[in-house]
Amino acid sequence: MNDDYLWSGFGLVSALAARVVGRTPVGVSGVSIDTRSLQPGDLFFAIRGENSDGHDFVATAFEKGAAAAVVDESHADALRGGGALYVVDDVLASMENLGRAARARSAGAIIAVTGSVGKTGTKEALRAVLSAAGETHASAASYNNHWGVPLTLSRLPRTARFGVVEIGMNHAGEIVPLVGMARPNVAIITTIAPVHLEHFASIDAIAEAKAEIFTGLEAGGAAIINRDIPQYDLLLRRAQASRAARVLTFGEHSEADARLVEVAGSAEGSHVTALLLGEKLYYRLGAPGRHIAMNSLAVLLAAQAVGVDPRAAARALGAFVAPVGRGQRVRLRVNDGHATLIDESYNANPTSMRAALALLGETGVEAGGRRFAVLGDMLELGPENARLHRELNDCVAGNHVDAVFAAGPLMKNLYDALPPHLRGAWAETSAELQPAVIEAIADGDVVMVKGSNGSRMGPIVAALKQHFAHDDGEAAGGH
Ligand SMILES: Nc1ncnc2c1ncn2[C@@H]1O[C@H](COP(=O)(O)OP(=O)(O)O)[C@@H](O)[C@H]1O
Ligand SMILES: [Mg+2]
């Protein structure tokens with residue numbers, strides 16, 4: 001076996017339960033399910049998605065240098081001759097098998113992260129902290145679903161000391177099989193919030209579904225939960241009923257194991273004072289916002305649970321910057337001065353919307369500058385969606401917002417509820433809203449853009465960056 005390979009060609013035969021057509025490769029150096037990002041030497045899984053079938057891209061995969069492809073029996077004959085094929089009954093199931101095999105051979109510590117918001121940010125912060133201590137593999141982007149989790153695991157190098165796996169869900173029962181593949185030593189639930197409410201009867205039902213992450217914990221593992229939320233007791237009971245040897249808590253609560261004492265914000269980030277298991281820590285965070293500081297406490301607890309010195313972990317957090325679309329700051333050159341763009345366009349729900357508005361409120365403006373909130377619809381909130389939009393009203397008022405620019409039929413509920421002097425503009429779509437936003441910005445202003453992915457606020461950010469010269473903030477991680 002060649003240690004330079006992620007998987008040896010013969011190792012794959014048993015891990016995938018496959019028969020090989022063509023010449024078995026010596027090994028593969030990566031795993032891919034998308035030919036647009038495929039690297040030479042990758043193993044390509046021909047996964048069937050909602051809109052396309054990976055079997056249609058096997059030829060492209062080989063053109064781009066794939067070492068082999070995993071295909072199902074029904075396509076084996078037609079694809080014969082293009083390159084090495086691992087033929088299986090079910091391609092997705094074989095990728096799950098490979099994920100399980102990766103987990104089984106790993107001697108590293110695995111950390112699983114779920115929660116209603118903050119999964120990707122927490123995962124990226126863990127990546128930053130653990131990478132400073134040893135070889136770390138973490139999920140790409142937000143790959144946290146039925147294909148994202150096995151893909152992440154199948155890419156776990158046998159030498160990795162740490163693995164970080166983001167796990168998401170839209171329905172009850174979805175986390176159980178995913179965490180069963182990951183078998184984490186540490187499981188984090190960032191927080192519980194009304195996200196995907198349309199598939200759940202109550203917030204407690206969401207908490208129950210998130211608590212499924214504890215079913216996969218390895219014996220002796222640690223469960224990390226938020227001490228400040230109403231669902232704390234429920235999560236605690238579920239954690240105690242699992243194989244977790246320890247339950248660790250974080251929050252502002254006086255009994256939290258990792259306790260937030262103080263956050264002082266600045267444009268570049270914040271300074272956090274925390275008590276970690278009784279020890280005082282003072283550290284910088286490259287991404288601003290109280291919610292990010294809160295997530296960082298979970299990161300420090302997890303780092304400690306896997307043997308990383310908390311002081312070193314806290315130092316590594318200081319070097320970490322907000323991922324694209326999640327609080328990244330861009331200085332726009334406007335007239336002779338600057339305006340600040342806060343890009344929160346990645347996604348939104350009431351909890352993250354409030355956090356982002358609080359962040360806007362904490363951001364200082366220059367003399368004469370104003371705070372603008374550019375908001376798109378929050379999707380997937382279920383029958384209460386109009387109310388959940390309208391109720392942002394108090395949060396706008398409480399955070400010194402000077403004007404709201406709103407896009408979409410749902411945000412109309414907030415817009416109409418605002419006092420007239422806070423109404424910047426409303427439009428049906430983000431594209432129609434864009435000119436009014438560009439028109440409004442003057443030097444000294446701070447502009448925060450946020451909405452669900454489906455409400456397409458990202459393009460407004462892109463348009464602002466195109467319209468105004470800018471010095472881009474640094475980006476880390478994907479979506
Ligand atoms: N603990 C938190 N409370 C409120 N909002 C948060 C929290 N953590 C992150 N957010 C915000 O939620 C949004 C999504 O963050 P992200 O890390 O991508 O979450 P996820 O992967 O769970 O979708 C971002 O705008 C982020 O700033
Ligand atoms: Mg995510």
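Reader: How do the residues of the shell around ligand 1 divide into nonpolar, polar and charged?

Author: They divide into three nonpolar, seven polar and five charged, where Ala, Val, Leu, Ile, Met, Phe, Trp, Tyr, Cys and Pro count as nonpolar, Asp, Glu, Lys and Arg as charged, and the others, Gly among them, as polar. This is a predicted model, in which local features need pLDDT of at least 70 and side-chain atom pairs pLDDT 80 or more, whereas totals for chains, interfaces and linings use all residues. Residues are numbered from 1 along each chain as its sequence is written, chains are lettered from A and ligands numbered from 1 in the order in which they are written, and side-chain values use heavy atoms, without hydrogens and water.

Reader: Which of the 15 residues around ligand 1 come nearest?

Author: A residue is near a molecule if one of its heavy atoms lies within 4 Å of it, and here K119, G121, R326, E344 and K450 come nearest. For a polar contact, look for a pair of N or O atoms within 3.5 Å: a side-chain N or O atom of K119 is 2.8 Å from an oxygen atom of ligand 1, and a polar side-chain atom of E344 lies 2.6 Å from an oxygen atom of this ligand. Taken alone, ligand 1 exposes 560 Å², of which the protein buries 92% (Shrake-Rupley method, 1.4 Å probe).

Reader: Which protein atoms are the donors of the magnesium ion, ligand 2?

Author: Donors are N, O and S atoms within 2.8 Å of the metal (3.2 Å for Na, K and Ca), and sites may look incomplete, as water is not among the atoms. In this model T120 (OG1), S142 (OG) and E166 (OE) lie 2.1 to 2.4 Å from the ion. T120 in helix α5 (residues 119-131) and E166 in strand β10 (residues 162-166) are 46 residues apart, helices (H or I, at least four residues) and strands (E, at least two) being DSSP runs numbered from the N terminus. Both T120 and E166 are buried (under 20% relative accessible area; exposed is over 50%, partly exposed in between; 1.4 Å probe, protein chains only). E166 also faces the other ligand, with a polar side-chain atom 3.5 Å from an oxygen atom of ligand 1.

Reader: In what order do the seven strands of the open sheet stand?

Author: Strands of a sheet pair through backbone hydrogen bonds, either parallel or antiparallel. With at least two DSSP bridges required for a pair, the order is β21-β20-β19-β22-β18-β17-β23, with mixed pairing. The edge strands, β21 (423-427) and β23 (470-471), each pair on one side only. β20 (residues 403-407) and β21 pair in the parallel sense over four bridges.

Note on methods. Polar contact = N/O pair within 3.5 Å; in protein donor to acceptor, adjacent residues only side chain to side chain.
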